[in-house]
Amino acid sequence: MAAPMMQTAYQPHPSLKMKAAVWKGNKNISIDEVPKPTITTPDDAIVHVTHCTICGSDLHMYEGSIDKSMEKGDIMGHEAIGVVEDVGSQMDPKHEMHDLYGHRLAGIFGYTKVFGGYPGDQAEFCRVPNADLVCVKIPKDIDPKKVLGLADVTLTAWHACELAEVKEGSTVGVWGCGPVGLSIQRLAKLRGAKKVYAMDYDEKRLQIAKSFGMIPVHESKHKATAGYILSQEPRGLDCAIDAVGYRCEVSGEHKATRSGPGEGGSCEAVNEIIKATRKRGNVALIGDFFFTTNNFPIGAMMEKGITVRGGQLFSQKYMAQLLELVLNGKYDPSWMFTAEDQLENVGDCYEKFFSHQVPGGLKILMKTEYGRQLEASGKYA
Ligand SMILES: NC(=O)c1ccc[n+]([C@@H]2O[C@H](COP(=O)([O-])OP(=O)(O)OC[C@H]3O[C@@H](n4cnc5c(N)ncnc54)[C@H](O)[C@@H]3O)[C@@H](O)[C@H]2O)c1
Ligand SMILES: [Zn+2]
């Protein structure tokens, strides 16, 4: 049986370099030349990245509120597709990790020391440990946007619907209309939800939600969203989902507590969510929370018998099923890429995504030089 994979940093190539998005400090991510990764443990693959993108989760490190978990030089990113360039000697589907632990590893690429310190994939190459478990083989002729949209966001959104038990006839509320929130809304409809309320401050994103058939609710026009939702749905929501997370826009009171020591997150959206949920309803927290949070409505949660679940997505659990859905044409996640750019402009892409200035309002598809070459040669649609 192979030894467990202990090393998260990759073995650098002695001379070859690659371009990668490197964290240099708060609001400071840009392309650097760094050593190309090489096979570091026998069950690795080296993936030659063609397309990658920025997640709302990357903005936590960009903004700087979890900078203590970052080191200058860390490579960012966890949403990418590409071509396997090299594999280690034991890269076969033996599933030793699963046999050894009963569970698969749950690190996240490019996502702080807390999540394993794995160098990310907003880069020309990425070392993928336990590659037989982590890499997903996809048909060569598929539109890159469809698979990159699956890599994190669509799986996360499905997970949210599962946690909140969205089903035929459900009345659903989703706080947050970023790529994740909008995906949750669309998948909720696909699962048969009767009505979906979509909450945000961003007018452009609310208009996108409306164009997809959701009921948009502008947060600043309805200061207490729960009150508004209950005026429309007196029984309350069957399923309420947070797709905002700990950086949610906050009132003066929460701003003050967040800036002090020991209080990192804001649960203002969660307060509204629990109030707006029906008795015995389901809440899912899919937006990221890392810290403690003040004024959590524990009384309402307990007295109404609400089930609250949360967590990072279960990629492997849903990938086969959702890839099938995309290949069958039943769901196309490519809508979330409203702009395209080159990986070389990653610093600018971060700032645009952070400040909601991406043309079209949502995500940026970033192409590497290799991705552009493949496209020019007609390999990608
Ligand atoms: N659990 C997981 O596996 C997982 C996976 C991917 C992303 N995430 C998390 O999901 C969240 C959303 O990701 P994204 O890419 O859509 O990010 P995003 O930053 O683009 O979207 C967040 C949206 O929330 C809105 N918002 C802010 N405060 C609000 C409030 N009080 N009420 C309603 N809306 C509010 C913002 O205007 C923005 O449109 C992030 O926290 C991200 O870290 C979790
Ligand atoms: Zn993500």
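Start with S69, and skip the neighbours within four places of it in sequence: what remains in contact with S69 is T112, K113 and V114. Keep in mind that this is a predicted model. S69 and V114 are separated by 45 residues along the sequence, yet their C-alpha atoms are 6.6 Å apart in space. As for where S69 sits, look in the loop between α1 (58–63) and β4 (80–87). Is S69 buried or exposed, or something in between? With 15 other C-beta atoms within 10 Å, S69 comes out as partly exposed, because the partly exposed class lies between the exposed limit of 12 or fewer and the buried limit of 20 or more.

Now zoom out to the whole chain. It has 13 helices and 13 strands, and 46% of its 381 residues count as buried. Take the contacts between residues at least 6 apart in sequence: 77% of them join residues at least 24 apart.

Next comes the ligand. How many residues surround ligand 1? There are 31, and the closest are G56, S57, G178, V180 and G245. Two or more shell residues come from each of α4 (144–163), α5 (179–190), β7 (195–200) and α9 (268–276). Of these, α5 gives the largest share, three residues.

Finally, have a look at the backbone angles, where two residues are worth a stop. N130 isn't a glycine, but its phi is positive, at about 45 degrees. You'll find N130 in the loop between β5 (125–128) and α3 (131–134). N130 is buried, since 22 other C-beta atoms lie within 10 Å, and 20 or more is what it takes to count as buried.

The other stop is E165, also with a positive phi, about 55 degrees, despite not being a glycine. E165 belongs to the loop between α4 and β6 (171–175); α4 is one of the elements that give two or more residues to the ligand 1 shell. So is E165 buried, exposed or partly exposed? It has 15 C-beta neighbours inside 10 Å, so E165 counts as partly exposed.

Note on methods:
Residues are numbered from 1 along each chain as its sequence is written. Chains are lettered from A and ligands numbered from 1 in the order in which they are written. This is a predicted model: local features need pLDDT of at least 70, side-chain atom pairs count only at pLDDT 80 or more; totals for chains, interfaces and linings use all residues. Helices (H or I, at least four residues) and strands (E, at least two) are DSSP runs, numbered from the N terminus. Two residues are in contact if their C-beta atoms, placed from the backbone, lie within 7 Å. A residue is near a molecule or strand if its C-beta atom, placed from the backbone, lies within 6 Å of it.
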